[in-house]
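Here are some notes to read beside the model. They are numbered so that each can be checked on its own.

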Amino acid sequence: MNVPRTDFQRLHLCPSKNARIRVIQVRDKEFEVYISDEQIQSAILEVSARLNADYTDKNPLFICVLNGAFMFFSDLLKHFNGNCEVGFIKATSYEGMQSTGEVQFQESGILAMEGRDVIVVEDIVDTGKTLHKLYAYLSKYTPKSVRVCTLLFKKEAYKESLPIDYVCFETENKFLLGYGLDYDGLGRNLSEVYILKD
């Protein structure tokens, strides 16, 4: 499987001065605004411009990793100008705030990837264990290429050598919530990204 490496702009993030400073409680934890909805949409425009340039006159297959990437996936695809197809795959590895270490994948329908340019869309990449197992899972389909596009990247936590090709935000190694990310099932519908309050 051909896995090209593409450099990306590293964005080091701190809580936005323009974000509405507020604290929310989800179950037993408090979170504060970390990335505003305006920042998210601006970063998506930048990444989608790169995708449009890299996949001009191609018909890539975008694969949304569920559940967390659904909001990012939807907003990202709105700005892709060329032909493309979409697919969905569910990866399960978390219970509460902890990874179980075991990853299971479930496809939604049949993903025809043989000889295709595949773009895996993630909400967040942290240790990379799930991504590593996903690469192995996708390799059985013999795609032409596989690239990864993620909203959030915890570089400090990343333990793998696989390339992360398109990154909106490089973040702190702390628990994040909102814009598709959940805490024990809640918070996915929030329009901003929140960080666990110290």
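1. Leucine 61 of the chain stands opposite valine 118 in S6. Four bridges join S3 to S6, and the two strands run parallel. Two strands count as paired if DSSP finds at least two bridges between them. Helices (H or I, at least four residues) and strands (E, at least two) are DSSP runs, numbered from the N terminus. Five of the six residues of S3 are buried, so S3 is largely enclosed by the rest of the structure. Buried means under 20% relative accessible area, exposed over 50%, and partly exposed in between, with a 1.4 Å probe and protein chains only.

2. On the source: this is a predicted model, in which local features need pLDDT of at least 70, side-chain atom pairs count only at pLDDT 80 or more, and totals for chains, interfaces and linings use all residues. Residues are numbered from 1 along each chain as its sequence is written, and side-chain values use heavy atoms, with hydrogens and water left out.

3. How confident is the predictor? The chain averages a pLDDT of 87, and 85% of the residues score at least 70. Over residues 1–19 the pLDDT is below 50, although this stretch has 54 contacts in the model beyond near neighbours in sequence. Here pLDDT is the predictor's confidence in each residue, from 0 to 100, and contact means heavy atoms within 4.5 Å.

4. The overall layout comes next. The chain has three helices and ten strands, in the pattern β-β-α-β-α-β-β-β-α-β-β-β-β along the sequence. Of its 198 residues, 49% are buried. Among contacts with a separation of 6 or more, 70% are between residues 24 or more positions apart.

5. Four strands form an open antiparallel sheet in the order S1-S2-S10-S9. Strand S1 (23–26) and strand S9 (176–177) stand at the edges with a single partner strand each, so one side of each is left without a neighbour in the sheet. Strands of a sheet pair through backbone hydrogen bonds, either parallel or antiparallel.

6. Within this sheet, S1 and S2 are antiparallel and joined by four bridges; glutamine 25 has glutamate 30 in S2 as its bridge partner. The two strands form a hairpin with two residues between them, and arginine 27 in the turn has a positive phi of about 55°. Strand S2 (residues 29–35) is also joined by four bridges to strand S10 (residues 193–196), again antiparallel. There, isoleucine 35 stands opposite valine 193.

7. Helix H1 (residues 37–54) has 18 residues and reaches 26 Å from its first C-alpha to its last. This is close to the expected 26 Å at 1.5 Å a residue, where the expected span is 1.5 Å times one less than the number of residues. Its buried residues are Ile40, Ala43, Ile44, Val47, Ser48, Leu51 and Asn52.

8. Which residues have the most contacts inside the largest nonpolar core? They are Leu51, Phe72, Leu76, Leu151, Leu152 and Val193, in a core of 31 residues. Elements that give two or more residues to this core include S2, H1, helix H2 (70–77) and S10. Apart from it lies another core, of 24 residues, among them Val120 and Tyr137. A nonpolar core is a set of buried Ala, Val, Leu, Ile, Met, Phe, Trp, Tyr and Cys residues joined through side-chain atoms within 4.5 Å.

9. The count of aromatic pairs comes to eight. The rings of phenylalanine 31 and phenylalanine 175 have their centres 6.2 Å apart and their planes at 50°, so the pair is tilted. Rings of Phe, Tyr and Trp (its six-membered ring) pair if their centres lie within 6.5 Å; planes under 30 degrees apart count as stacked, over 60 as edge-to-face and the rest as tilted. Phenylalanine 31 lies in strand S2 and phenylalanine 175 in the loop between S8 and S9, so the pair ties together parts that are 144 residues apart in sequence. Ring pairs link Phe31, Phe175 and Tyr183 into a cluster.
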